[in-house]
Amino acid sequence: MTADERLIAYVDEELSPQERAAFESQMACDPVLAAKVAAHRRLAARISGSYGGVLAEPVPPRLVAVASAANDSARRGPGPLPPLWAAMAACLVIGVLAGRASWPNQEPLVMRGGELVARGDLAKALSRQLASETGLVKIGLSFRARDGAYCRTFESPPERLAGLACRRDGRWVAQTATAWAPQAALNYRTAASATPPAVLAAVDATIAGEALDASAERAARDRGWKP
Amino acid sequence: MDSFEREIVELLPRLRRFGRVLARVPADADDLVQATVERALARRGQWRLGTRLDSWMFRIMKNAWIDESRARSRSSRLFAPEEAGEAVGDAGAAAMEARLAAREVENAMAKLPQDQKVALALVLVEGLSYQEAADVLEIPAGTLTSRLVRGRAALLAELAEAAP
């Protein structure tokens, strides 16, 4: 071990008790060494302190989604090709991504009791917005799940998030949410390719019958998505 | 969500911090975290129960970052604008000062060779022991300590002028 290596090993508490005692007695009669130790301690504290703020930041929901709900559908492995309603998605997903910068700084999905629950503007869009309407969030398909609950697909370009949420107990619970590249959707003529396979697979696994048409969608919304 | 996924979710803040040291620009760091989580989930069979999940994921992130850096230098986009993704907001004077001090450290860290920067991030930022950090980097302990020594000497010299 060189002198420099011993010095930083001391600062990093990597020395054995004997080495440590020997180093400290050496430091006691060597003020230059003691000053070096002090400088290295300040450096270590400064570096760790400089990155501490990241821990206090809210974690972007897309990362939580990737780590949790997204792979629930991915784990089922490759499924059959997207059925008829995938083509319908192309018709329904009409929207120009306007006002990207005005998205409020709030997480659209939060973990509650092991479930990802939509809130804020995403929850509002899921409750109120029709697929034909444009907004920060794009609503794709609406349909009924096998248990009767209403479900809707969504895409949130500012959050780089796409997913499927179902109305349960007055909340929109994400069945799947996946990171999604908004570049793919900037050209809305190719919107069909913008719905990620994970979301399409989740729809496939959840849907009972056919997707709602525009009038059924409006009627379900006006009834507050009650089954 | 199973327990493996829950542990990964709990690690996300630390993965983001480590990512920030590597990639610097917050959006790039989060892309790196995402790639890391995706790789970890795809390879969950390789993780041995009873070993540290954080170390295992740091190793995945380090490798993902090396892959990413290579791809970037090929397309010569290695240096993203320094200020990108930075929202200053209406922080108070003290917060602003802390932010500027942190920026100095980030600048100094960014000038280090990749291998020294990663070694310092694991030991000084993430608090891993030398042995754990050497395992993450898949290098002998002696190589790790020499990287730590050289990295710290460079940082001391770089930050000396800015010291109060």
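I call a residue buried if 20 or more other C-beta atoms lie within 10 Å of its own, exposed if 12 or fewer, and partly exposed in between, with C-beta atoms placed from the backbone.

**Entry 1: ground rules.** I am working on a predicted model, where local features need pLDDT of at least 70, side-chain atom pairs count only at pLDDT 80 or more, and totals for chains, interfaces and linings use all residues. Residues are numbered from 1 along each chain as its sequence is written, while chains are lettered from A and ligands numbered from 1 in the order in which they are written.

**Entry 2: the two chains.** I took helices (H or I, at least four residues) and strands (E, at least two) as DSSP runs, numbered from the N terminus. Chain A shows 11 helices and 6 strands. Chain B shows 7 helices and 0 strands. I then looked up burial. In chain A, 37% of the 227 residues are buried. In chain B, 35% of the 164 residues are.

For contacts I required C-beta atoms, placed from the backbone, within 7 Å. I kept pairs at least 6 apart in sequence and asked what share joins residues at least 24 apart. Chain A gives 62%. Chain B gives 63%.

**Entry 3: where the chains meet.** I found 31 residues of chain B in contact with 28 residues of chain A. On the chain B side, α1 (3–23), α2 (26–42), α4 (93–110), α5 (114–125) and α7 (141–160) each supply at least two residues. The most come from α1(B), with 9 residues. I sorted that side by class: nonpolar (Ala, Val, Leu, Ile, Met, Phe, Trp, Tyr, Cys and Pro), charged (Asp, Glu, Lys and Arg) and polar (the others, Gly among them). The side of chain B that touches chain A has 20 nonpolar, 3 polar and 8 charged residues.

**Entry 4: one helix pair across the chains.** I fitted axes as lines to C-alpha atoms, for helices over the stretch in contact, with angles from 0 to 180 degrees between N-to-C directions. Helix α1 (residues 3–11) of chain A packs on α7(B) at about 90 degrees, and the axes are 10 Å apart. So α1(A) is roughly perpendicular to α7(B), the label for 65 to 115 degrees. Here D4(A), E5(A) and I8(A) meet T145(B), L148(B), V149(B) and R152(B).

**Entry 5: α5(B).** I checked its length. Of the 12 residues, 10 are buried. They are Q116(B), K117(B), V118(B), A119(B), L120(B), A121(B), L122(B), V123(B), L124(B) and V125(B). Just after the helix, G127(B) has a positive phi of about 70 degrees.

**Entry 6: the core.** A nonpolar core is a set of buried Ala, Val, Leu, Ile, Met, Phe, Trp, Tyr and Cys residues joined through C-beta atoms within 7 Å. The largest has 86 residues, and A165(A), L32(B), M61(B) and L122(B) touch the most other members. I followed L32(B). Leaving out residues up to four places away in sequence, L32(B) touches G19(B), L22(B), A23(B), M61(B), A64(B), W65(B) and E68(B).

**Entry 7: F23(A).** Is F23(A) buried or partly exposed? With 17 C-beta neighbours inside 10 Å, F23(A) is partly exposed. F23(A) sits in helix α2 (residues 17–28) of chain A. Beyond four places in sequence, F23(A) touches R6(A), Y10(A) and L15(A).

Definitions and conventions:
Two residues are in contact if their C-beta atoms, placed from the backbone, lie within 7 Å. Angles under 35 degrees count as roughly parallel, over 145 as roughly antiparallel, 65 to 115 as roughly perpendicular and the rest as oblique.
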